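Subject: Structure handover

Hello,

Please find the structure below. My notes on it follow, in the order in which I would read them next to the coordinates.

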Amino acid sequence: MAPIPGSGLAKGLAVTLRTMTKKTVTEQYPDVLPDLPPRTRGVIGLFEENCTVCMLCARECPDWCIYIDSHKETVPPAAPGGRERSRNVLDRFAIDFSLCMYCGICIEVCPFDALFWSPEFEYAETDIRDLTHERDKLREWMWTVPAPPALDPGAEEAKEIAAARKTAEKLAAAQAEAHKPPAEAPKPPAEAPKPQAGAPQRQAEAQDPRAQAQDPQARAQEREEGES
């Protein structure tokens, strides 16, 4: 069916007429802050403890607006006889937001969750050089990062949470074992009383009526011989 000539114009005029009759709403910014979605791309925050200076974010940034400096330190062995290790120590982490195009690639490629989006957007400056935020300023933005959404009830537990829970359980078990009182040593079995010399013979004489009928002197002589 061929479209009716002028139907598009009529639809556009209908939309115009509907909006003309409605009351206009003006956001009273900055007196009233806008209600932004939780995943708004405002500014990037740095969680410095998770950064391993792998340089992935700086390499993948299409604008080359991330500046990282570091140095190596030698870590002594954890156990006697072990080998020393070297690790990277972060000296500088800066983002130039005058060049950043808010693509979020740096946050996506970070393997250790050191970068996060914050919905804050009020950081305009009169000097463009002040838009380069050093690591101290990036750390302050971490306090404005919203909490992640809750997992579904039937979702699988996150690997990070499972690993942290297992580590906490092992630590609690080790502490309980350290505070446990030592077990008492088993007592040796009591020794049976040693029979006295001549006791079996006297017991046999007491049970034998013929021995009771013998001469007392003969019985005393036999007892002496048994004791010797």
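L36 sits in the loop that runs between α1 (7-20) and β1 (43-46); helices (H or I, at least four residues) and strands (E, at least two) are DSSP runs, numbered from the N terminus. This is a predicted model, in which local features need pLDDT of at least 70 and side-chain atom pairs count only at pLDDT 80 or more, while totals for chains, interfaces and linings use all residues. Residues are numbered from 1 along each chain as its sequence is written, and side-chain values use heavy atoms, with hydrogens and water left out.

L36 has a relative accessible area of 32% and is therefore partly exposed; buried means under 20%, exposed over 50%, and partly exposed in between (1.4 Å probe, protein chains only). L36 touches P119 and F121, residues up to four places away in sequence not being counted, where contact means heavy atoms within 4.5 Å. L36 and P119 are 83 residues apart in sequence, yet their C-alpha atoms are 7.3 Å apart.

The loop between α1 and β1 also holds P30. The peptide bond from Y29 to P30 is cis, with omega near 10°.

Two residues have backbone angles to check. W64, in the loop between α2 (56-60) and β2 (66-75), has a phi near 50°, a positive value in a residue other than glycine. W64 is exposed because its relative accessible area is 60%. Y102, in the loop between β3 (85-96) and α3, also is not a glycine and has a positive phi of about 60°. Y102 has 24% relative accessibility, so it counts as partly exposed. For context, most residues other than glycine have a negative phi, and most peptide bonds are trans.

Y102 is also part of one aromatic cluster, together with F97, W117, Y123 and W141. The structure holds 5 aromatic pairs; rings of Phe, Tyr and Trp (its six-membered ring) pair if their centres lie within 6.5 Å.

H133 is in strand β5 (residues 132-133). Its relative accessible area is 3%, so H133 is buried. Leaving out residues up to four places away in sequence, H133 touches F93, A94, I95, F97, Y123, L138 and W141. The side chains of H133 and W141 are joined by a polar contact of 3.2 Å (a pair of N or O atoms within 3.5 Å; within protein, one must be able to donate a hydrogen and the other to accept it, and residues adjacent in sequence count only if both atoms are side-chain atoms).

The largest pocket has a volume of about 730 Å³. Of the 15 residues that line the largest pocket, R39, I107, F116, W117 and P148 are the closest to its centre. On a 1 Å grid over the protein atoms alone, a pocket is an open set of points where a 1.4 Å probe fits, with protein on both sides within 12 Å along at least five of seven lines; lining residues have an atom within 4 Å of a point. Grid points are joined across faces, edges and corners, and a volume is the space filled by probe spheres set on the points. α3 (105-109) and β4 (115-118) each supply at least two lining residues, and β4 gives the largest share, 3 residues.

As for the whole protein chain, there are 8 helices and 5 strands. Of its 228 residues, 18% are buried.

Regards

Key. Phe/Tyr/Trp six-rings, centres within 6.5 Å; stacked < 30°, edge-to-face > 60°.
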